[in-house]
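Let's explore this protein together, one question at a time. Have a look at the sequence and the structure first.

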Amino acid sequence: MLTRIISTFFMTLCLLLSTSTFARMIQHDLGEQALKGIPKRIVVLDWALAESVLALGIQPLAVADVPGYQDWVGVPTLPSDTVDVGSRREPNLELIASLKPDLIIMSAHLAPAYEKLNSIAPTLALTIYNDSKQPYQNAKRVIQTFGDVFERQQAAQRLIDDTAAKLATNGEKVAQWQDSRSFIMIRFIGDKHVRIHSDGSLMNDTIAAMSMTNGWQGPTNSWGFSSASVEQLAKHQNSNVLIFGPLSEQEQATLNGSPLWGAMAFTREQRVAIVPKVWTFGSLIAMQRLSDEVVTRVAALHAQ
């Protein structure tokens, strides 16, 4: 009996030590990081990663460019007391250090600052948009990593499963209305140039998971878009067009008044829809929102 009690005691002690004393090794894009316990004071320097943390119910202490996140990302909502630690490209290292974080999360795009950040607190570099051009797979990997870091594995798997289910369901909805036309997905940069989202973009992975086809197969950068003139869209007049908003009244008026744009078949045949503001460089929550918007816009095109 005494032997059993002693054995149970030491087993419990070992379990406690393994979770609170001994470090866990977390793999990330720039190596591996030792973490003790569950981080509480978290600084996030990338909006897609902030979205991912919030999606698991973790409230970061600080985020880079809070107003920008609130304006462009919006969902999940940042707590009102989230500290703004400067721009995503050049975060305020002194401010970050003063917050005494126990974890800093960044993307590999900020790699030159990694050593300085890691000297402040353990730092993880996780990247959704890179030369692998697999943002959906990368976002799932990020969520799984955060599930391990914050011991939210079940929540992480639930988010991954819910995203896959939504994409499949929304794909079935679109299939009811969708003809054989492909889609091109653009954002206007001025009135004569566009960014076209294709291979490596979140929107491309979104519609692919919905069994839809992207009509633009040109080369793209690591963020999944390429730049083109409006004239270059003439080769894709048979595609339907999704325009990422928002468009101001002036931008809409300029577009409507453009002879070139008006001459395009997709304009004449009213196969153009504007997608409201959703962050197109996000993670799984953004992907779910984009998928819902696709359903809404395709339904509207079908109803015309």
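Q: In which sense do strands β9 and β10 pair?

A: This is a predicted model, where local features need pLDDT of at least 70, side-chain atom pairs count only at pLDDT 80 or more, and totals for chains, interfaces and linings use all residues. Residues are numbered from 1 along each chain as its sequence is written, and side-chain values use heavy atoms, leaving out hydrogens and water. Strands here are DSSP runs of E with at least two residues, helices are runs of H or I with at least four, and both are numbered from the N terminus; two strands pair if DSSP finds at least two bridges between them. β9 (residues 193-197) and β10 are joined over five bridges, and their sense is antiparallel.

Q: Which residue of β10 stands opposite Ile 196?

A: Two facing positions can be picked out. Arg 195 stands opposite Ser 227 in β10. For Ile 196, the residue opposite in β10 is Ser 226.

Q: Is strand β10 largely enclosed or open?

A: Buried means under 20% relative accessible area, exposed over 50%, and partly exposed in between, using a 1.4 Å probe and protein chains only. Four of the five residues of β10 (residues 225-229) are buried, so this strand is largely enclosed by the rest of the structure.

Q: Which strands are at the edges of the open sheet of five strands?

A: The order in this sheet is β10-β9-β8-β11-β12, with mixed pairing. An edge strand pairs on one side only, which here applies to β10 and β12 (272-275).

Q: How many residues of helix α2 are buried?

A: Helix α2 covers residues 47-55 and is mostly covered. Among its buried residues are Trp 47 and Leu 54.
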